[in-house]
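Colleague: Before we discuss this fold, please show me the sequence and the structure, and then let me question the wording of your description.

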Amino acid sequence: SAPLSAIARSLERHFNVVVHIQDASLAQEQFTCRVKGNAKLEQVLELLKATRKLSYRIKGDEVSIFKK
């Protein structure tokens, strides 16, 4: 289990992107999941989206995560 802010840092390192979490309370939300090493960025974001009321937008090498 980890807060979304820690997961975002991991995604930044793994996928070489910049992640912006638009809501401070969302950054502290706890998530528990396992992702295979060959998963694509979109697959990870869709998994997060399915488990909480959040959405995301990818523009180039930047990802914005926000509440629905």
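**Helices against the sheet**

Modeller: Helix α3 (residues 41–51) lies across β4 and β5, and runs at about 160° to β4, where axes are lines fitted to C-alpha atoms, for helices over the stretch in contact, and angles run from 0 to 180 degrees between N-to-C directions. This is a predicted model, in which local features need pLDDT of at least 70, side-chain atom pairs count only at pLDDT 80 or more, and totals for chains, interfaces and linings use all residues. Residues are numbered from 1 along each chain as its sequence is written, and side-chain values use heavy atoms, with hydrogens and water left out.

Colleague: What makes β2 and β4 edge strands?

Modeller: Two strands pair if DSSP finds at least two bridges between them. The open sheet of 3 strands has the order β2-β5-β4, with mixed pairing, and β2 (18–21) and β4 (54–59) each pair on one side only.

Colleague: How do you know that β2 and β5 pair, and in which sense?

Modeller: DSSP must find at least two bridges, and β2 and strand β5 (residues 62–67) have 4, in the parallel sense; Val-18 stands opposite Glu-62 in β5.

Colleague: Why do you say that the buried residues of α1 line one face?

Modeller: Buried means under 20% relative accessible area (1.4 Å probe, protein chains only), and in α1 this holds for Leu-4, Ser-5, Ile-7, Ala-8 and Leu-11. Seen down the axis of α1, these buried residues fall within an arc of 155°, so they line one face of the helix, the arc being that of the directions from the helix axis to the C-beta atoms.

Note on methods:
Buried means under 20% relative accessible area, exposed over 50%, partly exposed in between (1.4 Å probe, protein chains only). Helices (H or I, at least four residues) and strands (E, at least two) are DSSP runs, numbered from the N terminus. Contact means heavy atoms within 4.5 Å.
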